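Please look through the sequence and the model shown here, and then follow the reading below.

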Amino acid sequence: MELKQNLKKIRMIPNPTPTMFVILIFGFSTLIFLMLLPALFELRRPKDAGPRKIMDGILAVQQFQLGRIISLVNVEEEKLGLDQVLVKKLADIIAFLPNLEA
Amino acid sequence: MTAEILEILFIILTALIMAYLIRHFTFTLTVLNHAYKRKKIAPTKNTVFQPTISILIPARNEERVIGRILQRMTELTYPRNKMQVIVIDDGSTDSTGKITEEYAEAYTCIKVIHRKQWEGGQGKASALNTGMKLAKGEIIFCFDADYYPQRDIIERLAKEFADPKVGAVQGRVTVLNEPLNLVTRLVALERTGGYRVDQQARDRLGLVTQFGGTVGGLRRDLLESLGGWDESILAEDTDLTFRVYLAGYKIRYVNDAECYEEAVESWRDYWKQRHRWAEGHMKCAFKHSFKFLKSSSLGLKEKIDGLLLLNVYFMPILVLFSWIIGVPLFFLRSSQWFRILWASIPFSLYSFVGNFAPFFEVGIGTYLDGRNRAQWLIPLLIFTFLYNILICTKAFVDLLVSKITGKNNNHWERTVHSGNGNSYIWN
């Protein structure tokens, strides 16, 4: 009885036609290709700067932090005038100096 | 009737997959939230805690890489009078013993234990237990022979032991030979998600941080009270993680204590390594799950996370199982709510692609590392995910066979290190 009911349900699914299969396979392949396309680009011509550089010692960490301050200011450069940028950059570096002594 | 049983099974599997999905999503949001809150540069912690330490380096036929780590040990910034380096030459047949002896002669802080060939090759846990007998430091650190830490890594890790509740500490592992080929690139992505996001989130949320068996350390008195490393388990690090928590201690993860590793370079080596991890991890699940649930020293969130962590290597198998029973059920049972449950397929893909650090964790990890271009490779993690389904299934079958036949298949498949990472360090 249960099997008959299940068979009825299965029949409710439209009969697949060859065209449907072709569209399905083509669509699925295109999707997979598009998904993997960036990866193929990166594998062919790697632009990633890996491997990741580990922080090699206290000095390197602080140089990194200093670099971050300067780059952060650079981001804001377009919004601020040149003299303001310089004052801000110097203020950040001075504020950072006690940290170097620690 | 059969369909009903399958349906109940399917519901349970979907619930499990959802639990992992929520867990990983919470981890990702936690780390992302933490990163955004750090608008100002985080002040350097000035905690100075420098106990005496012993560093154990087990090595078996590692002539291509052992000199590199020993040279690095001599360059560490930790006070030399508080540091002892013990190399366990585990019955090597190449020139590992000779290289280590040269370093031991030149530097008094480096000691070498030579195990005879019949003693060696019994696994990392066995070698570490041998090294532990000679260790005098309050804290015992472990590094694999192919690793290469930053100079001040010990200071960064050791300071966590200022808290008496901390029993062990773990640093971050970064892949050195990443640009070599597709396998190393994908392993690097998995490591980024696993450490930068997964481990860090577990540490921040006060859950079960994992001791990885290398780039980390433990209190010597705790290790001795636990009876050292369990030589009968292939995943001796996971086993120790759970024993540390059961003993009432915590494990901290320090993201800015970084160390390079040489990742496996071929799919064959990837299989060997992951198979060892999976089988060992599954054994740990059988050993610790019940004890962890019963423990009175652990909170509810630690228990839940611990169970999810212990059973993570079963999940690829369960995901495969849910797909297999999901397809016939879709045609046999067509109730509306069941069709919603069938969404377990995208859920499981969403949750597990990229092995055990899902792709969104890897994506956020690379983003926080400032490596947006590496994200382009993330779709390829589908291949490691599918590969891991096979690996975990094989490991589970092997474990079952060993349980049934009573033969303890504890053979340690050593990862071969080619030394290809040297060029990235020296240049």
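At what angle do helix H1 of chain B and helix H6 of chain B pack, and how far apart are their axes? In this predicted model, helix H1 (residues 2–37) and helix H6 (residues 182–204) of chain B pack at about 85°, their axes lying 8 Å apart; helices here are DSSP runs of H or I with at least four residues, and strands are runs of E with at least two, numbered from the N terminus. Axes are lines fitted to C-alpha atoms, for helices over the stretch in contact, with angles taken from 0 to 180 degrees between N-to-C directions. H1(B) is therefore roughly perpendicular to H6(B), a term that covers angles of 65 to 115 degrees.

On the H1(B) side the contact (heavy atoms within 4.5 Å) involves residues including B:Phe27, B:Val31 and B:His34, while H6(B) contributes, among them, B:Arg196, B:Asp198 and B:Arg204.

Elsewhere in chain B, B:Ile55 is placed in strand E1 (residues 53–59). B:Ile55 is buried, its relative accessible area being 0%, where buried means under 20% with a 1.4 Å probe and protein chains only. Beyond its neighbours within four places in sequence, B:Ile55 contacts several residues, including B:Met73, B:Leu76, B:Phe141 and B:Ile154.

As for confidence, chain B averages a pLDDT (the predictor's confidence in each residue, from 0 to 100) of 88, and 90% of the residues score at least 70. For the complex, the predictor gives an ipTM of 0.74 and a pTM of 0.83.

Residues are numbered from 1 along each chain as its sequence is written, and chains are lettered from A in the order in which they are written. Local features need pLDDT of at least 70, side-chain atom pairs count only at pLDDT 80 or more, and totals for chains, interfaces and linings use all residues, while side-chain values use heavy atoms, leaving out hydrogens and water.

Methods: Parallel < 35°, antiparallel > 145°, perpendicular 65-115°, else oblique. Buried < 20%, exposed > 50% of the residue type's maximum accessible area, 1.4 Å probe, protein only.
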